Amino acid sequence: MSVVGAAVLRPASSSATDELRATLERQRAAFLQAGPPPLAERLADLARLKAAIRDRADAIAEAISADFGNRSRHESLIAEIFTALAGIRHASKHLARWMRPKRVSVSLELRPGRARILYQPLGVVGIISPWNYPFQLAIMPLIAALAAGNRVMLKPSELTPRTAEFIAGFLAGLFPSDRVATVLGGPEIGAAFARLPFDHLFYTGSTAVGRLVMQAAAENLTPVTLELGGKSPCILGEDAALKGAVESIVYGKLLNAGQTCIAPDYVLLPEGKREEFIALAQRAVKKLYPRLAANPDYTSIVNERHYQRLRHYVDEAKARGARIVELNPAQETLDGARKLAPLLVVDPAEDIALMREEIFGPVLPIRTYRQLDEAIDYVNRRPRPLALYYFGEDAGKRDKVLARTISGGASVNETLMHVVVENLPFGGVGASGIGAYHGEIGFQTFSHRKGVFLQSRFNGAWLLRPPFGRLSTLMLKLLLRR
Ligand code: NAD
């Protein structure tokens, strides 16, 4: 393990846990000594971060691509750099308002007392991030945590080691280690990290590890935000404009080769539209990726274990009678590059791994339904997804799907886009997560909302204090009647 701060990479001490604890204690002491940073300091931090991200955008994209084997540079610039810059821009623009104490009204009997909500930094927060968008998913929570005035310890994923090393050096160049420290290491370090008595622990990753993180945090009563995964469905209504829908689904599925937490996982479409969907998907892939093997736009699967996992899903689906349609426009052989040609799996059995586990790759199962209610039931019989996509023009049907299914977020007649709207909370529900961030919700996630009552010099509180006499009885009568 190494904890990186102040521009040097220090070797692990004899006990990793001791070193982690020491870092946390240093950050906590610095936090208590300095108090909550004023607006100007937070804005300066965000501006420094923004300028540095802009300066190093190419280096970031290169590190990520080296980790993946091939990661589209454009995808990195859009989904890692642009999103982070947009997050900083939004926070910088609105931070003054977010930080301002919010006046709330008090009921008549408490007047002329007043009440307000104060937003306080929590102190030292831990952030654990995954490999699929290894820069963005570390930096976006960091932006929210810094905007809220916290100190941060960050543990990026070991599966993208070049990006993790890059982030460590990058942040060490921008912040002292008692402000932001990066911890490098794998699951064991992750587990030790999650056991630290943080003031808040923010985790992005799989549902299985999320459970462990929450158990570890419970020991310290550390509050958690868990940004998890799951199987995000796409439902096509009878009246969906099929061509546009398929293009959006194929795009959403193949971005980062399907290794996106909110990627469409599977499709439910009306009976009778299956063959048209398949033909349109063939065309959509050809338009986006005329070639796959040497195409820098088409991203590789991150490592051999995930590549084999996906192959196994498809083999099992085939063995259990599903029809597999390869969407490989130039009919290339993709061996060796850990690139997997997009595949449709038509009418898979319900009990196979492909239909139980989050796919996280360019494999798209499609199933048909007779009535929209069947599609809604199918979704509701499964753990609550992180995202849901509905395609259709009828507002009544759209609203029914949105009201009757529970998912972290949703986009209508589009995939993925709800994640980039800074004013929308981003997070899961049930098995797909706890809590949310982005924009003001992210600021609040990393803030304590302190409810404060301010008593006025002249007030009627004495009326309800002993010794209770006639006046108190009269007052009570009035209060109980209201
Ligand atoms: P993962 O759970 O394997 O790892 C995530 C992080 O947890 C890594 O940094 C890892 O080192 C650390 N970790 C591993 N074991 C740990 C432990 N016992 N205690 C504490 N930390 C530990 O997840 P992954 O494979 O990197 O990410 C893929 C998953 O993340 C998918 O399920 C995906 O849907 C989900 N995801 C969710 C979002 C979201 O915003 N909701 C975003 C991206 C990915």
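This is a predicted model: local features need pLDDT of at least 70, side-chain atom pairs count only at pLDDT 80 or more; totals for chains, interfaces and linings use all residues.
Let's start with the ligand. There are 28 residues around the ligand, and those that come nearest are Glu158, Tyr203, Ser206, Leu228 and Glu358. A polar backbone atom of Ser129 is 2.8 Å from one, and for Trp131 an N or O atom of the side chain is 2.9 Å away. On its own the ligand would expose 850 Å², and the protein buries 91% of that.

What is the shell around the ligand made of, by residue class? It splits into 16 nonpolar, eight polar and four charged residues. As for where they come from, α7 (187–194), β8 (200–204) and α8 (207–219) each put in at least two. At the domain level, domain 1 (2–228 + 435–449) and domain 2 (233–426) each supply at least three residues of that shell.

Now for the second largest pocket. Its volume is about 420 Å³, and 22 residues line it, with Ala79, Thr83, Gln136, Val419 and Val420 nearest its centre. The largest share, five residues, comes from α4. By class, the pocket lining has 17 nonpolar, four polar and one charged residues. Both domains turn up here too: domain 1 and domain 2 each contribute at least three residues to the lining of the second largest pocket.

Technical notes
Residues are numbered from 1 along each chain as its sequence is written. Side-chain values use heavy atoms; hydrogens and water are left out. A residue is near a molecule or strand if one of its heavy atoms lies within 4 Å of it. A polar contact is a pair of N or O atoms within 3.5 Å; within protein, one must be able to donate a hydrogen and the other to accept it, and residues adjacent in sequence count only if both atoms are side-chain atoms. Accessible areas come from the Shrake-Rupley method with a 1.4 Å probe; for residues, only the protein chains shown count as cover. Helices (H or I, at least four residues) and strands (E, at least two) are DSSP runs, numbered from the N terminus. Ala, Val, Leu, Ile, Met, Phe, Trp, Tyr, Cys and Pro count as nonpolar, Asp, Glu, Lys and Arg as charged, and the others, Gly among them, as polar. Domain bounds come from an automatic or database domain assignment. On a 1 Å grid over the protein atoms alone, a cavity is a set of points where a 1.4 Å probe fits but cannot get out, and a pocket is an open set with protein on both sides within 12 Å along at least five of seven lines; lining residues have an atom within 4 Å of a point. Grid points are joined across faces, edges and corners, and a volume is the space filled by probe spheres set on the points.
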